[in-house]
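User: Hi! I would like to learn how to read the main features of a model, step by step. Could you walk me through one?

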Amino acid sequence: MTTSSKQSFASHMLLYGIILFLVEFVRGAFLVSFLPTYAVYALGFTVTTVGWAVSVHYVTDTLIKCFAGYLLDRFPLRLIVPAGLAISLGGLWLLYIVQSIWLLIGASALFGIGLSPIWLVCLSKVRPEHRAEHMGVLYTCWLAGLGSGPIILNFIMDASYSISFWCMIILWGISLLLSFFISNRKSSTPTQIPLRNQISMLWEKLLTMKTLLPGMTLQTTAAGMLVPVLPGFASKILGFNYSQYSYLLIAGGAFTVIALIPMGKLSDRLGKKWFLIGGFAAFAVILFALPFTSHLWISLLLAALLGISYAAVLPAWNALLAQYVPKDNQGMGWGLFSSVEGIGVVIGPVLGGWIADTFNESFTIMVSAVLLGAIALYYFVAPPEGSGLQTALKK
C-alpha cells in the first residue's frame, strides 16, 4: 500500500470513527439518561412503557442489520447510510413530542434503524492485516460516545430538557451531514447472488462456525443482564450514592477506552485465543468479587480491571468473527452475525431484571459472572481441532 493510499484510508477511518462516536453519544445519552426521566416526569408515561420502548429500539436495531447489510452490498454507501440516519433523526424528533404509548414505541423503533448501516460499513472497511487494531479504534469511538453521552447529558438536563434535546438533535444532524462524505468504495465487489441463495450460504456459514455461537449470544446476554440491576446494586448492596456510582462507570469506561488499541495490537501479534480466554475469565472473577466489597477505592480498582478485561476481549473477538464473514458479501455477513449477537442484548436485560426481582441484585451479578466464566472454559476445552476454530484463534 502506498503512502498516499494509507493516508486516504486513515482519513476515511477517522471520518467513520467520528460519525460512530456522534451517533453512539446521542444513543447512549437518550436511552440511558434522557428517555427514562423525560418520558416519566415530563410526558407522564410509566417506567414499564419506557422499558418496552428501549427493548423495541434494540430489537429493531438487531433485526434491521440483515436487511441493511443486503442493501449495503448492492447500493451506494453514500445513499444507504444517510438515509438510515435521516430515518433515525425523525424517530428522535417524534420521541420528544409523542403523546401516546404506541407512538412512543413506534418512534423508538424508527430511532433504532439508522445505527445499523454505519456500524456495518465500519466493520466491513477494516483491513485484514490490521483487523484487531482497527476494531480497537472503532470500539474506542463506540465506547467513548456511549459512555460520555449519558454523563454529559446529565449535567445539561439539570438546566433544561429542551436544551438537552436540541443538543442531541444538533449532534445527530452533524453526523448526518458527515455521512454524505463517506467513500462509496467498498473493500470488495459483491457477487450478484440471489437473496435466497445468500441466506442459504450464510446459514451454511453459521453451521461451520457453530463452535462460536455460544460466545456470540452468551457474552451479550451476560452483559445485558447487568444493565437493569447495576444502579440498584450500587446503592442497595454496595451502599454508594449515585455520584459514587458514576465514578465507577467512569473508571470502567476510561480504562476500556485506554486499553482497546494496545490490546488490539497485541492480539494481532500474539493471537486471539488467550486474549479471549483470559479476558472472559478475568471478567468473571472480578464480577464475582464485586458484591463482597463496599469500599469505594477497591470498587474503583475492580471497575478499572473490568474495563481492561473488556478491552482484551472486544478486538480479539470481532477479529476472530471477521474471519467467518463471506468476502464477497461482507455487509450481509456482518448483518447476520451481528443479529445473532443481538439476541443476547434483547434477552439479557429481561433475564437480569427477573433474577433481581426473584432473588436480589447480587445474585444477578454472580449469574452473569458464571456465564462469562463458562465462555472462557468452553473456548479453552471444547473446540475440536477439526472445527477450524483453533486455527482461527492463532491467526
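This is a predicted model: local features need pLDDT of at least 70, side-chain atom pairs count only at pLDDT 80 or more; totals for chains, interfaces and linings use all residues.

User: How many helices and strands does the protein chain have?

Analyst: There are 16 helices and zero strands. For the fold, look at how far apart in sequence the contacting residues are. Among contacts between residues at least 6 apart in sequence, 85% join residues at least 24 apart.

User: Where in the protein chain is confidence lowest, and where is it highest?

Analyst: Start with the overall score, then go region by region. The mean pLDDT of the protein chain is 76, and 74% of its residues reach 70 or more. Helix 7 (residues 161-179) has the highest confidence, with a mean of 92, while helix 16 (residues 389-394) has the lowest, with a mean of 53. Also check residues 188-192, where pLDDT stays under 50; the model has eleven contacts beyond four places in sequence for this stretch.

User: Which residues have the most contacts inside the largest nonpolar core?

Analyst: They are Phe 30, Phe 34 and Trp 317, in a core of 88 residues. Helix 1 (residues 3-42) gives the most to this core, namely 14 residues.

User: What is Trp 317 in contact with, leaving aside its neighbours within four places in sequence?

Analyst: Its partners are Leu 212, Gly 215, Met 216, Gln 219, Leu 276, Glu 341 and Tyr 379. Let's follow one of them, Gln 219, which lies in helix 9 (residues 213-226). Beyond four places in sequence, the contacts of Gln 219 include Trp 317, Glu 341, Phe 280, Val 313 and Leu 372.

User: Is Gln 219 buried or exposed, and why?

Analyst: Compare the relative accessible area with the cut-off. Gln 219 counts as buried because its relative accessibility is 11%, and buried means under 20%.

User: How many aromatic pairs does a search of the whole structure find?

Analyst: The search finds 18. When you read a pair, look at the distance between ring centres and the angle between planes. Tyr 378 and Tyr 379 form an edge-to-face pair, 5.0 Å centre to centre with 75° between the planes. Tyr 379 is buried at 5% relative accessible area, whereas Tyr 378 counts as partly exposed at 27%. Ring pairs can also link into a cluster; one here includes Phe 30, Phe 34, Tyr 38, Trp 93 and Trp 172. Phe 30 and Phe 34 are also among the residues with the most contacts inside the largest nonpolar core.

User: Why does Trp 102 count as exposed?

Analyst: Trp 102 counts as exposed because its relative accessibility is 72%, and the cut-off for exposed is over 50%. Trp 102 is placed in helix 4 (residues 101-111). Trp 102 and Thr 49 are 53 residues apart in sequence and 9.5 Å apart in space, C-alpha to C-alpha.

How values were computed: Residues are numbered from 1 along each chain as its sequence is written. Side-chain values use heavy atoms; hydrogens and water are left out. Helices (H or I, at least four residues) and strands (E, at least two) are DSSP runs, numbered from the N terminus. Buried means under 20% relative accessible area, exposed over 50%, partly exposed in between (1.4 Å probe, protein chains only). pLDDT is the predictor's confidence in each residue, from 0 to 100. Contact means heavy atoms within 4.5 Å. A nonpolar core is a set of buried Ala, Val, Leu, Ile, Met, Phe, Trp, Tyr and Cys residues joined through side-chain atoms within 4.5 Å. Rings of Phe, Tyr and Trp (its six-membered ring) pair if their centres lie within 6.5 Å; planes under 30 degrees apart count as stacked, over 60 as edge-to-face and the rest as tilted.
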